[in-house]
Amino acid sequence: MNLDKIVCNCLSVTAGMIKDAVDAGADTLEKVQEATGAGTVCGACLEDVQRLVEQFTAERKG
């Protein structure tokens, strides 16, 4: 996965920024939104952000 890929165009939030938020303990969409702002402007990326949160959370639990 390209962690430099922009997921949220409105705020230029990358997959890596979402991963960093999850690694820091943001284990829900809402917590990632608080940490990064992703999905809080137009909402078009919400499904992608949710998918990444689930993926990165699962990876952390290993």
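**Entry 1: Gln33**

I started with Gln33, which I found sitting in helix α2. This is a predicted model, so I keep that in mind throughout. Is Gln33 buried or exposed? Its relative accessible area comes out at 18%, and since the cut-off for buried is under 20%, Gln33 counts as buried. Next I asked which residues Gln33 touches once those up to four places away in sequence are left out. I got Ala38, Gly39, Thr40 and Leu46.

**Entry 2: α1 against α2**

From α2 I moved on to its packing with α1. Two packed helices are described by the angle between their axes and the distance between the axes. I looked up both for this pair: the axes of α1 and α2 come within 10 Å, and they cross at roughly 115 degrees. The two helices are therefore roughly perpendicular to each other. I also checked the hand, and α1 passes α2 in a right-handed crossing. Which residues make the contact? On the α1 side I noted Met17, Ile18, Ala21 and Val22. On the α2 side I have Val32, Ala35 and Thr36.

**Entry 3: α1 on its own**

I then listed the buried residues of α1: Ala15, Gly16, Ile18, Ala21 and Val22. Ile18, Ala21 and Val22 were already in my notes as part of the contact with α2. What covers the buried residues of α1? The cover includes β1, β2 (13–14), α2 and α3. Past the helix I looked at Gly25, which follows α1 and has a positive phi, near 115 degrees.

**Entry 4: α3**

With α3 listed in the cover of α1, I turned to α3 itself. The helix runs over residues 46–61, which makes 16 residues. I took its span from first C-alpha to last and got 23 Å, close to the 22 Å expected at 1.5 Å a residue. For its buried residues I wrote down Val49, Leu52, Val53, Phe56 and Thr57. Seen down the axis of α3, these buried residues fall within an arc of 130 degrees, so they line one face of the helix.

Which exposed residues does the face turned away from the buried side carry? I found Glu47 and Lys61 there. Back on the buried side, I looked up the cover, which includes β1 (6–8), α1 (15–23) and α2 (29–36).

Last, I checked what comes after α3. Gly62 follows, and its phi is positive too, near 55 degrees.

Notes:
Residues are numbered from 1 along each chain as its sequence is written. This is a predicted model: local features need pLDDT of at least 70, side-chain atom pairs count only at pLDDT 80 or more; totals for chains, interfaces and linings use all residues. Side-chain values use heavy atoms; hydrogens and water are left out. Helices (H or I, at least four residues) and strands (E, at least two) are DSSP runs, numbered from the N terminus. The expected span of a helix is 1.5 Å times one less than its number of residues. Buried means under 20% relative accessible area, exposed over 50%, partly exposed in between (1.4 Å probe, protein chains only). The arc is that of the directions from the helix axis to the C-beta atoms. Contact means heavy atoms within 4.5 Å. Axes are lines fitted to C-alpha atoms, for helices over the stretch in contact, and angles run from 0 to 180 degrees between N-to-C directions. Angles under 35 degrees count as roughly parallel, over 145 as roughly antiparallel, 65 to 115 as roughly perpendicular and the rest as oblique. A crossing is left-handed if the near helix is turned anticlockwise from the far one by less than a right angle, and right-handed if clockwise.
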